[in-house]
Amino acid sequence: ILKMPNSSTTSTVLIVDDTPANLSVLLQCLSEVGHRVLIAEDGEEALELMARRAPDLVLLDVMMPGIDGFETCRKMKANPATAEVPVIFMTALTDSREKLQGFAVGAVDYITKPIQHEEALARVSTHLSLRRLQRQIADELALKQRFMRIASHDLRNPLCLASFSTALARRALTKPEKLGPHLDGIDEAIEQMRGIIDTFLELKPTVEGKPISLAALAEAAVKQ
């Protein structure tokens, strides 16, 4: 069952439960706030759905036919494609040992049955926000690493030029009039290095969710 939201920025929530009443309650309240909702009635079906496309969050019943919620979560976390998807268990169990078992297999939270609309929405919203923040940080780190790889490559070129010019200058020590071009090469390489360093210093990291200015980045690249 797939409920399509109006917003293009909504999240996909997978509900795994074999009780029609619970499915109906969650489907209605999550759809009303614009989430895309997928439904599975047991753990095996849930894993098959996630194999095709990982959701943003999973609401997972503990007691189900076939493999239970704990084993379903354990298999999710063992799969790199779904390991980072947050799992919220739904259970009527009140034993703290059961909850500890859920956290041990990778769950991030619990919703107690009978399910309350406000509590379910609040917990889903909180963990979806954390998931978005986690992805944003991962994307920024990947961008930073890529930028550093490119920059380190660009830094090597003027260093090689300076080293080559120094070697030529040593050979020309017996003829001072030939030193000029080699010394000019060294000065040019140094200026290139300074330019790259200035570009680093001019770039501001993301602050309070504001992205780096692409215009400033392009201007710095053109100048270099």
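Author: In this predicted model, both faces of strand E2 are covered: Thr12, Leu14 and Val16 are buried on one side, and Val13 and Ile15 are buried on the other.

Reader: What makes strand E2 (residues 12–16) mostly covered?

Author: Buried means under 20% relative accessible area, and 5 of the 5 residues of E2 are buried. In a regular strand the side chains alternate between the two faces of the sheet.

Reader: How do you know that E2 and strand E3 (residues 36–40) pair?

Author: Pairing requires at least two bridges. E2 and E3 have 5 bridges, in the parallel sense; one of them joins valine 16 to alanine 40 in E3.

Reader: Why is the contact between aspartate 61 and lysine 113 called a salt bridge?

Author: The cut-off is 4 Å between the side-chain nitrogen and a carboxyl oxygen. The closest N and O atoms of aspartate 61 and lysine 113 are 2.8 Å apart, and the pair therefore qualifies. The two residues are 52 residues apart, aspartate 61 in strand E4 and lysine 113 in the loop between strand E6 and helix H5. Asp17 is linked with them in a network of salt bridges.

Reader: Why is glutamate 71 called partly exposed?

Author: Partly exposed lies between the limits of under 20% for buried and over 50% for exposed. Glutamate 71 has a relative accessible area of 26%, so it belongs to this class. Its salt-bridge partner, arginine 74, is also partly exposed, because its relative accessibility is 38%.

Key. Residues are numbered from 1 along each chain as its sequence is written. This is a predicted model: local features need pLDDT of at least 70, side-chain atom pairs count only at pLDDT 80 or more; totals for chains, interfaces and linings use all residues. Side-chain values use heavy atoms; hydrogens and water are left out. Buried means under 20% relative accessible area, exposed over 50%, partly exposed in between (1.4 Å probe, protein chains only). Helices (H or I, at least four residues) and strands (E, at least two) are DSSP runs, numbered from the N terminus.
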